[in-house]
Amino acid sequence: MARGKFNKRGGGRRVDAQSAQEIEQRNQRLAEFEEERAKRRAEAEEEEQGGGEEETEDANEEDIGKGGGDGGKPKAPVVVTTEEDHKRNMKKLEAVRKRRAVAEQKRKEAEAAEKALEEEQKAAAAAAIADDSDDDGGKKKKKKSKEVEIPKLSKIEIKKMKPAQMKEELKLRGLDIQGNAKVLTKRLVDYEEAR
């Protein structure tokens, strides 16, 4: 049965040394274990230092690309590139710069086109508002002469209408179309009652 307060790990039978011979055996096993551990650690260090020469070259290149890592000081010596590699790298860099310049130009053109379109829309909206104000004055005069053609609406019909429909009816009658549904309903009902 497991020992321990909450029956967790390490709760098995424990062998306590009861004689000097058992203590000596335990110490010998611990010493052997420490020696094996030291050997493994030494081998691992040797592999890292001596056996991984190819890895260190790759690591050097990565350190150069990253800017050295430790306070700007590279861990390994800097690898000097050949003239051909330098020319190839410069061509790549030039191509990247050209692509970035083209992308920036396209972005600026799109932004300018968007601004121009926005300005056109604002101008069209302003012109439409100006035209509406002129048309409303003309419609009022025309609608008074055509008042007979506009059908009379009952209060129930008006209350069943949606705001968009009420606005259409208000436009036909030459009335203001601003406001929420309650205001539009009241305006249309008042007009129809006064007719």
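Predicted model: local features only at pLDDT ≥ 70, side-chain atom pairs only at ≥ 80, totals over all residues.
Q: Where is Thr-185 found, and which residues does Thr-185 touch, not counting residues up to four places away in sequence?
A: Thr-185 lies in helix 6. With those neighbours left out, Thr-185 touches Ile-158, Lys-159 and Met-166.

Q: What makes up the largest nonpolar core?
A: The largest nonpolar core has eight residues: Leu-153, Ile-158, Met-161, Met-166, Leu-170, Leu-184, Leu-188 and Val-189. Helix 5 (163–172) and helix 6 (181–194) are the elements that give two or more residues to this core. Helix 6 gives the most, with three residues.

Q: Why is the crossing of helix 5 and helix 6 called left-handed?
A: A crossing is left-handed if the near helix is turned anticlockwise from the far one by less than a right angle. Helix 5 and helix 6 pack at an angle of about 35°, with axes 10 Å apart, and helix 5 passes helix 6 in a left-handed crossing.

Q: Which residues make the contact, and how many are nonpolar, polar and charged?
A: Helix 5 contributes Pro-163, Met-166, Lys-167, Glu-169 and Leu-170, and helix 6 contributes Ala-181, Leu-184, Thr-185, Arg-187 and Leu-188. Six of the contact residues are nonpolar, one is polar and three are charged.

Q: What does Leu-170 touch, not counting residues up to four places away in sequence?
A: On that count, Leu-170 touches Leu-175, Asp-176, Ile-177, Leu-184, Arg-187 and Leu-188.

Notes:
Residues numbered from 1 in each chain as written. Heavy atoms only, no water. Core = buried A, V, L, I, M, F, W, Y, C linked by side-chain atoms within 4.5 Å. Buried < 20%, exposed > 50% of the residue type's maximum accessible area, 1.4 Å probe, protein only. Contact = heavy atoms within 4.5 Å. Axes fitted to C-alpha atoms, helices over the stretch in contact; angles between N-to-C directions. Nonpolar A, V, L, I, M, F, W, Y, C, P; charged D, E, K, R; others polar.
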